[in-house]
Amino acid sequence: MAPIHGVLPFTGARNPLTRSNTARRVSFAAATPATGGVPQVYHFESEAESAVAIEALLHPDLHGLEVQLPPIPFRCRRSGRIREHHFDRRLTYRDGHRRAVFVRNGWSLGKRATQDEIDDIFTAIPEGFADDAVVVNADDYSRAYRDNLRRIWHLSRNPDPAADAHVEAVARAANYWLMKDLVAQCDLPPATAWQSAMRLIGRRILRADWHAAITLHSRIGLAA
């Protein structure tokens with residue numbers, strides 16, 4: 001990818017933007033505290049992998065996102081050979097905790113060979129690479145879930161703390177069933193109240209069905 005003015009380049013150890021008849025490659029630019037608020041280019045091998053990254057970007061404690069990390073050599077118990085694995089991403093939080101993330105679809109995760117491979121890889125993680133490592137099932141990210149994540153992330157890139165605080169206060173004090181009922185009780189323009197409600201859903205302050213398109217007619221409520 002050619003340089004983009006004002007955007008940091010992709011820094012992964014491998015470029016996943018190869019041709020595929022099944023997977024949809026995804027690229028986007030995102031800013032994190034680790035980049036000083038400057039957008040950086042990220043490439044992903046699939047929509048599910050990009051959705052995992054967007055969900056991480058919505059977390060208020062995220063400090064930095066890295067993708068396609070340098071390879072980790074590991075001994076494959078089945079072949080006895082030394083192989084290499086590039087972790088899909090590593091998340092760094094504000095408290096310094098670092099988490100490596102392994103993403104794979106449910107069909108693959110259900111195979112004994114994949115489970116053995118994961119055990120081999122996780123055992124070989126070198127000291128200092130990450131504080132923990134997790135496995136994520138790509139099947140958990142349905143099309144509706146991915147679409148909701150993208151929409152909420154887009155809205156979260158234009159924060160309005162005052163409006164969010166107002167909508168949260170109304171949500172904790174009022175009675176409502178649908179999002180439109182909450183929006184109608186807010187002392188804000190409807191579009192502003194809706195955007196705040198979506199951001200609150202992204203921060204898990206409000207709950208909604210992520211596996212259906214979240215709209216004004218969606219059932220919502222306080223998460224806690």
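Me: At what angle do helix 4 (residues 143-156) and helix 7 (residues 190-202) pack?
Reply: The axes of the two helices are 9 Å apart, where axes are lines fitted to C-alpha atoms (for helices over the stretch in contact) and angles run from 0 to 180 degrees between N-to-C directions. Helices are DSSP runs of H or I with at least four residues and strands are E runs of at least two, both numbered from the N terminus. Helix 4 and helix 7 pack at an angle of about 115°.

Me: Is helix 4 roughly parallel or roughly perpendicular to helix 7?
Reply: The packing angle of helix 4 and helix 7 is about 115°. Angles under 35 degrees count as roughly parallel, over 145 as roughly antiparallel, 65 to 115 as roughly perpendicular and the rest as oblique. The angle therefore makes helix 4, relative to helix 7, roughly perpendicular.

Me: What pLDDT do local features need in this predicted model?
Reply: Residues are numbered from 1 along each chain as its sequence is written, and side-chain values use heavy atoms, with hydrogens and water left out. In this predicted model, totals for chains, interfaces and linings use all residues, side-chain atom pairs count only at pLDDT 80 or more, and local features need pLDDT of at least 70.

Me: Is the crossing of helix 4 and helix 7 left-handed or right-handed?
Reply: A crossing is left-handed if the near helix is turned anticlockwise from the far one by less than a right angle, and right-handed if clockwise. For helix 4 and helix 7, the crossing is left-handed.

Me: Which residues make the contact on the helix 7 side, facing helix 4?
Reply: Contact means heavy atoms within 4.5 Å. Helix 4 contributes Arg151, Ile152, Leu155 and Ser156. The contact of helix 4 with helix 7 divides into 5 nonpolar, 3 polar and 2 charged residues; Ala, Val, Leu, Ile, Met, Phe, Trp, Tyr, Cys and Pro count as nonpolar, Asp, Glu, Lys and Arg as charged, and the others, Gly among them, as polar. On the helix 7 side are Trp194, Gln195, Met198, Arg199, Ile201 and Gly202.

Me: At roughly what angle does helix 5 (residues 161-173) cross helix 7?
Reply: Ala163, Asp164, Val167 and Glu168 of helix 5 meet Thr192, Ala193, Ser196, Ala197, Arg199 and Leu200 of helix 7. That contact divides into 5 nonpolar, 2 polar and 3 charged residues. The axes come within 9 Å, and the crossing is at roughly 80°.

Me: How many residues of helix 1 (residues 47-57) are buried?
Reply: Buried means under 20% relative accessible area and exposed over 50%, with partly exposed in between (1.4 Å probe, protein chains only). The buried residues of helix 1 include Glu47, Val52 and Leu57. Helix 1 is largely enclosed by the rest of the structure, because the number of its 11 residues that are buried is 10.

Me: Which residue is the bridge partner of Ala29 in strand 2?
Reply: Two strands pair if DSSP finds at least two bridges between them. Strand 1 and strand 2 (residues 40-44) are antiparallel and share 5 bridges. The partner of Ala29 is Val41.

Me: What is the order of the 4 strands in the open sheet?
Reply: The pairing in this sheet is mixed. Strand 3 (62-67) and strand 8 (132-137) are the edge strands, each pairing on one side only. Neighbouring strands are turned by 25° against each other on average, direction ignored. The order is 3-6-7-8.

Me: Is Thr92 buried or exposed?
Reply: Thr92 is found in strand 6 (residues 89-93). Leaving aside residues up to four places away in sequence, Thr92 touches Leu62, His63, Gly64, Glu66, His97 and Arg98. Its relative accessible area is 15%, so Thr92 is buried.

Me: How far apart in space are Cys76 and Ile121, C-alpha to C-alpha?
Reply: Cys76 lies in the loop between strand 4 (72-75) and strand 5 (82-85), and counts as buried at 10% relative accessibility. Apart from residues up to four places away in sequence, Cys76 touches Arg81, Arg83 and Asp120. Cys76 and Ile121 are 45 residues apart in sequence, while the C-alpha separation is 8.3 Å.

Me: Is Asp95 buried or exposed?
Reply: Asp95 is found in the loop between strand 6 and strand 7. At 67% relative accessibility, Asp95 counts as exposed.
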